[in-house]
Amino acid sequence: MTVNRSALFINGDWVAPNTSSRVTVLNAATEEILGTAPEADVADVDRAVAAARNAVDHSEWSAASPADRAAAMNRFADELEKRSGELTRTVSQENGMPIGLSQAFEGDFAIGLLRYYADLAANMAVEDVRPSQSGLETVVRRSPVGVVAAIVPWNYPVVLAMSKIAPALAAGCAVVVKPSPPATVLDCYIVAEAAEAAALPAGVVNWVPGGPDVGAYLVSHPYVDKVAFTGSTAAGRSIATACAELLRPVTLELGGKSAAILLDDVDLDAIMPNLQFITFMNNGQTCVTCGRILAPAARYDEVVEALATRVSSLRVGDPLDPSTDIGPMATAAHRERVEGYIEKGRGEARLVAGGGRPRGIDKGWFVEPTVFACMSNDATIAQEEIFGPVLAVIPYDDEAHAVRIANDTAYGLGGTVFSADTERAKDVARKVHTGTIGINGYPLAIGSPFGGVKDSGLGREFGPEALNSYQDLKSMYIAG
Ligand code: NAD
């Protein structure tokens with residue numbers, strides 16, 4: 001059954017789009033039509049931003065008590081929970097995400113973000129009083145930064161939107177979300193329905209599903225006060241340039257080329273489930289994927305063989321089947337890109353598993369999970385973000401060498417260190433120059449800051465740090 005949407009959710013209402021232009025969403029596993037939806041244009045952005053501006057400047061929302069905002073956010077979370085089955089199935093069909101991961105991230109984690117920030121909002125002091133060196137007092141006041149433009153990619157469309165919406169709402173901001181059609185647009189309708197059912201005030205959250213041009217227009221819109229972006233480093237640079245000219249605050253969550261460092265004491269059987277998760281999570285279509293496995297030279301052959309065996313046993317297929325390990329790539333164009341890297345890899349490394357399309361599947365944008373024994377970190381497959389199920393296993397001589405290789409990339413987003421000795425792994429992790437790193441796994445935590453250094457971005461999401469980034473601070477010096 002296809003889903004055909006006809007309206008846009010702007011100013012708390014379902015409104016006719018400005019043009020008749022539509023996008024068709026295809027099921028990544030079957031190539032069949034999943035649904036269609038209107039494509040927003042710049043006039044729709046004008047309406048959405050005006051609605052958000054009005055919600056910030058003239059509605060009760062920004063001035064509401066944090067407790068009232070928290071209650072509205074918890075209602076939103078309740079309504080999302082009711083729809084989480086439909087929501088997570090939709091995402092899995094849109095972008096190929098295995099359903100278990102979709103339930104954990106696009107469902108539970110996204111809802112958890114709303115509840116976490118509702119709780120922070122409920123307990124937030126809008127003003128605090130600080131002593132000054134003159135013996136007088138200063139009142140430090142937090143106010144919402146205003147209208148937020150939230151631009152997200154297709155790989156985790158719900159959770160990446162919610163990582164902006166939730167702290168923004170907690171702060172009292174209003175948000176205009178630009179999803180990433182054509183791959184992921186149907187999911188945002190389900191989130192919008194939840195917002196409507198939760199009776200969020202008009203204009204507090206709006207969706208404008210358009211292309212990069214619509215995103216660029218939104219970024220530079222005169223009524224926008226802050227931009228929160230997740231996507232590629234190239235687009236992030238262009239957005240940062242626009243924001244620099246406007247002196248507009250911006251948070252950038254960009255690409256990565258993370259490394260999993262296997263220390264020489266690892267028990268390969270014991271670490272394999274967590275290593276598989278962080279290398280193939282969402283079919284490799286994850287910003288923090290560890291596409292590089294750094295193996296001690298003395299155990300290199302053993303690691304390559306263990307990975308090749310594991311990867312060859314992974315179940316590739318229907319993302320809605322809970323037993324599937326690897327679903328399809330999100331789009332035909334993205335599969336072509338991933339296959340281009342596999343071709344490049346054949347010329348610069350030794351293919352030890354995968355490398356083609358899975359046999360027996362003739363529909364859907366599948367690629368086999370692939371492992372290369374790669375002797376140099378300078379190889380293209382070791383340096384560039386592939387965003388698919390492709391691993392480069394690279395040897396290192398000692399721990400210092402492993403850290404040098406891990407850091408020898410333009411990016412600095414994630415990583416993992418695996419060791420039988422947690423303290424030893426933590427010591428190595430401290431030396432890796434990234435915004436996040438996991439020890440013997442990567443259990444992402446809502447309450448801790450997430451983001452990147454170097455070409456992986458600016459600013460942080462999650463934790464109280466994200467709430468701060470949606471607030472302006474004003475110091476009121478009291479002289480009498
Ligand atoms: P993309 O940069 O092409 O697009 C992301 C979004 O930005 C889309 O909605 C797109 O329409 C919009 N966009 C593109 N150019 C724009 C511009 N100049 N101005 C405004 N909007 C613009 O990225 P993608 O291919 O959709 O997503 C994959 C990338 O996202 C990967 O590089 C991945 O690492 C990154 N990512 C990062 C994180 C993180 O938290 N660091 C999380 C997920 C994905």
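How many of the 12 residues of helix 6 are buried? In this predicted model, 9 of the 12 residues of helix 6 are buried, so helix 6 is largely enclosed by the rest of the structure; buried means under 20% relative accessible area, exposed over 50%, and partly exposed in between, with a 1.4 Å probe and protein chains only. Residues are numbered from 1 along each chain as its sequence is written, and side-chain values use heavy atoms, with hydrogens and water left out. Because the model is predicted, local features need pLDDT of at least 70 and side-chain atom pairs count only at pLDDT 80 or more, while totals for chains, interfaces and linings use all residues.

**Helix 6**

- Helices (H or I, at least four residues) and strands (E, at least two) are DSSP runs, numbered from the N terminus.
- Helix 6 covers residues 186-197, and its end C-alpha atoms are 17 Å apart, which agrees with the 16 Å that its 12 residues should span at 1.5 Å a residue; the expected span is 1.5 Å times one less than the number of residues.
- The buried residues of helix 6 include Leu186, Tyr189, Ile190 and Val191, and Cys188 also counts as buried, at 6% relative accessibility.
- After helix 6 comes Ala199, whose phi is positive, near 55°.

- Strand 1 pairs with strand 5 (residues 33-38) in the parallel sense over 2 bridges, and Gly35 in strand 5 is the bridge partner of Val3.

**Nonpolar cores**

- A nonpolar core is a set of buried Ala, Val, Leu, Ile, Met, Phe, Trp, Tyr and Cys residues joined through side-chain atoms within 4.5 Å.
- The largest nonpolar core has 123 residues, of which Phe76, Ile165, Leu169, Trp207 and Leu262 touch the most other members, and helix 5 (residues 157-171) gives the most to this core, with 11 residues.
- Not counting residues up to four places away in sequence, Trp207 touches several residues, among them Leu8, Ile165, Cys188 and Val191, where contact means heavy atoms within 4.5 Å.
- A second, separate core of 31 residues includes Ala382, Ala392, Tyr396 and Val432.

**Cysteines**

- The whole structure holds 0 disulfides, a disulfide being a pair of cysteine sulfur atoms within 2.5 Å.
- Cys243 is in no disulfide, and the nearest cysteine sulfur, that of Cys173, is 15 Å away; Cys243 is buried, with a relative accessible area of 1%.

- Strand 15 (residues 350-353) runs antiparallel to strand 16 and is joined to it by 3 bridges, with Ala373 as the bridge partner of Arg350.
- Strand 17 (residues 390-396) pairs with strand 16 in the parallel sense over 4 bridges, and Leu391 in strand 17 stands opposite Val371.

How values were computed. Pairing = 2+ DSSP bridges.
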